[in-house]
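Reader: Please present the structure, and then let us discuss its confidence, its strands and one of its helices.

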Amino acid sequence: MGRRGKNVAALSMGHAGGIAMGAVFGMFWMRVVLAFTYIETVFFMILPVSTAILIVAEQRSLGPIFDKLLYRVQSTVYMAIESSTKPGVRRPSQPSVTTDPSSSRPASTETSPVAKDVIYRKSSAASNSSELISTAQSSLFAGVGIGMRDHTVGFSASSNQSKPVYLQEVNSGYFIKASDGRLKLTARPDDSCLFIWVKGKTHHWGLLSLATQRYLGQNLVSMIVIAAKKLANWEAFRVLQNADVPSMASDDSVSCPIHLILCSARFGKGMWLSTRLKEGDRILSLSKNYASALCVRYAADLTAFKKDADEARSSRASSAATSPVRQSFVQEAPVLPWLSGSALFFQSTSFATVLTQTLDNVTMTSLTNLFVDAYDVMLPDACGSWTGHPSLGNVRLVSYPVSPGSVDEYHACKFEDGELSFKIKMQFHGLALGDHFSLEIEYVLRASEARSVTLTCLKAVHWRKPTLFQRHIDTASRAAVLGSAQQLVALLAARNHSSKVLWNLPTLLYSHVQQQFERNQVEHLNVLEPISVPWKTPATFFEHSSGQNVYSAMWPVTPTTYFDWFVSDAAAFFRKANDESHHVNIDMSPWTYHPTLGHLRKQTFTMPIEGLPGVSATTVREYQWYSMDDGQLLRFGSKVYAGDIPDGSAFSIEIRSDVQLDVPTQTHSRVMCTTGVHWTGTSKSKGAIEAAVAKAVAVTNERLLTLIQDHQHEVDDVREITWLPSQDERTAHVVHAVAAALGA
């Protein structure tokens with residue numbers, strides 16, 4: 001209705017009428033149809049009335065379908081109020097304040113049935129309060145290695161708003177665009193990419209889309225949308241920048257890189273504005289990790305971004321004298337920890353050719369000067385310095401954060417006998433499987449014919465430790481390296497290195513691994529040989545005839561969420577490295593499809609044991625199984641073998657968790673756990689072992705519930721979960737309890 005130019009008083013009456021009509025109808029239904037008492041009626045009306053106030057008065061979004069329905073209801077109520085006015089009596093109208101885009105001075109216009117689009121109403125910012133978080137002591141700043149300060153936005157003092165500006169992501173060169181109530185990144189900016197900075201009462205800012213006249217913010221389910229008509233707490237951002245750089249370029253045409261914090265996210269703790277991949281598009285989202293934060297800059301004119309890029313290109317060209325291709329350096333070289341006396345850069349001996357491409361209308365001389373610059377465009381952070389090496393040519397180390405963890409890239413560049421060799425060794429940190437492998441890539445450029453150069457990309461994976469995820473990593477790495485090589489070829493062909501690419505190689509690798517997990521789950525594809533089980537009746541997973549119910553509680557997760565956090569391949573593959581854990585030889589297979597049991601996987605690890613004479617460690621074998629019933633019921637089971645402890649060969653531990661969706665809420669589930677000990681031998685500690693298992697499983701689930709209640713609103717991606725114990729840690733707690741019972 002704001003688009004029709006109605007004044008604020010009329011809007012308030014429409015809102016009040018809608019809320020009152022909904023309340024009356026709800027009370028009538030509860031009292032007459034459901035026969036509630038008056039006390040019950042008042043109690044059950046609190047939630048719908050408060051929700052109606054939130055949706056209608058605060059103009060929040062529940063999605064495009066509900067928004068259209070609520071808009072029609074609101075219009076109907078307003079028309080009813082208008083029709084109730086006596087004929088010949090006009091409701092006094094107040095002039096609405098609009099702002100001429102070409103002038104900073106507000107102009108008064110009379111209300112008309114067809115009014116012009118409102119650029120910004122100053123009253124819209126009235127609900128932005130000074131009680132929003134300052135974020136100065138927020139945990140959001142963990143891992144930020146630079147000093148940050150509030151960014152200064154230029155705006156008109158009379159309207160509290162800036163000129164319309166474009167927002168460009170620094171890493172990809174793509175622009176933020178409002179599309180169908182959401183925000184995504186696009187390579188082709190248009191009018192839907194224009195936004196206006198609107199100043200709040202304090203140091204917070206709002207972003208108003210010029211095309212939709214809606215504010216960027218979060219909705220009821222913490223999704224970034226472009227839906228609110230006024231600037232309130234859910235649309236208030238804190239805008240930060242590097243404290244050591246000026247806010248704008250020397251000619252004030254383009255801003256410095258900035259980050260945005262949505263202050264109301266996580267119940268006032270704040271979250272960084274970020275992006276995630278959805279159906280092939282990068283859409284805006286929220287993240288609590290600075291490494292995933294979106295870095296943007298803004299300008300009122302698209303030519304300002306091109307001018308800034310041209311200056312960066314000329315600066316890069318001026319440093320051509322320091323190119324690593326045809327010059328040697330004498331600075332101290334980075335330590336290459338894997339090098340032996342043979343001084344071989346690569347540890348792999350077998351490489352696969354991923355891409356062979358001929359580049360026409362180029363010479364070897366021009367392309368060698370461009371190649372390293374083009375590759376640097378694909379790096380998400382600043383490049384390291386080149387140093388000389390006696391046998392490898394010039395080398396350098398580039399480190400940058402990814403989600404999860406970080407990546408070290410070692411480069412060796414050498415031009416010899418008319419051939420350019422650019423070698424890359426990539427090591428992954430912060431990922432539990434990161435110490436199992438490293439990715440090795442080589443680009444070779446050779447002159448083929450007159451004014452043409454052939455580029456060849458080779459790939460290998462060096463395995464330092466065996467892992468059951470090996471086939472997944474091999475397949476995903478090939479697809480990721482191919483995608484990265486194609487991006488590099490496109491940059492070389494375009495001769496334009498001013499804007500960065502959309503994906504870096506580690507992100508491509510993790511995305512392809514995730515796609516394999518999702519495909520295997522749906523299509524039941526076996527990437528490994530079927531797992532053989534040690535028990536005699538493989539037709540059923542559980543051998544114990546009846547289990548003991550040890551735990552039952554309502555959790556604020558759905559069965560699907562429980563699966564993603566605890567059961568999925570992604571939860572196992574992307575688990576974080578725990579420096580405090582003393583477990584070694586940790587390995588878990590992806591889910592495979594067993595012919596009789598269904599979904600099955602295996603985990604092994606070695607853990608220390610205390611309190612048992614003669615036993616310092618034990619190797620644990622765990623078999624896991626699950627079945628999912630259409631997102632309504634998840635059954636998850638495990639069988640644990642710890643044969644190195646006393647009497648360990650005489651029993652196996654069986655744990656079953658049933659996660660049943662709570663139908664009334666659709667957001668909670670009841671988690672029920674049963675335990676059993678299947679005995680194949682005898683033991684004097686039988687009763688103590690069974691009691692220890694039951695207690696340990698109950699305590700473990702109580703701890704998990706507490707962690708979920710404390711951190712569930714921080715989760716945007718399973719790769720960002722750092723607060724949940726890994727599967728081997730949860731199993732080890734049960735084994736420790738059994739060892740304590742045996743030693744008592």
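Author: pLDDT is the predictor's confidence in each residue, on a scale from 0 to 100. The model discussed here is predicted.

Reader: What pLDDT does the protein average?

Author: Of the residues, 71% score at least 70. Residues 1-12 stay under 50, and residues 82-137 also stay under 50. The protein averages a pLDDT of 76.

Reader: How many contacts beyond four places in sequence does the model have for residues 82-137?

Author: Contact here means heavy atoms within 4.5 Å. For residues 1-12 the model has 25 such contacts beyond four places in sequence. For residues 82-137, the number is 88.

Reader: Which residue stands opposite Y410?

Author: Strand β19 (residues 406-416) pairs with β20 in the antiparallel sense over eleven bridges. Two residues lie between the strands of this hairpin, where D417 takes a positive phi near 55 degrees. The residue in β20 opposite Y410 is K425.

Reader: Which residue in β21 stands opposite L420?

Author: Strand β20 (residues 419-429) is mostly covered, with eight of its eleven residues buried. β20 also pairs with strand β21 (residues 437-449), in the antiparallel sense and over nine bridges. Opposite L420 stands L445.

Reader: What distance does helix α12 reach from its first C-alpha to its last?

Author: Helix α12 covers residues 727-743 and has 17 residues. Its buried residues include V734, V735 and V738.

Note on methods. Residues are numbered from 1 along each chain as its sequence is written. This is a predicted model: local features need pLDDT of at least 70, side-chain atom pairs count only at pLDDT 80 or more; totals for chains, interfaces and linings use all residues. Side-chain values use heavy atoms; hydrogens and water are left out. Helices (H or I, at least four residues) and strands (E, at least two) are DSSP runs, numbered from the N terminus. The expected span of a helix is 1.5 Å times one less than its number of residues. Buried means under 20% relative accessible area, exposed over 50%, partly exposed in between (1.4 Å probe, protein chains only). Two strands pair if DSSP finds at least two bridges between them.
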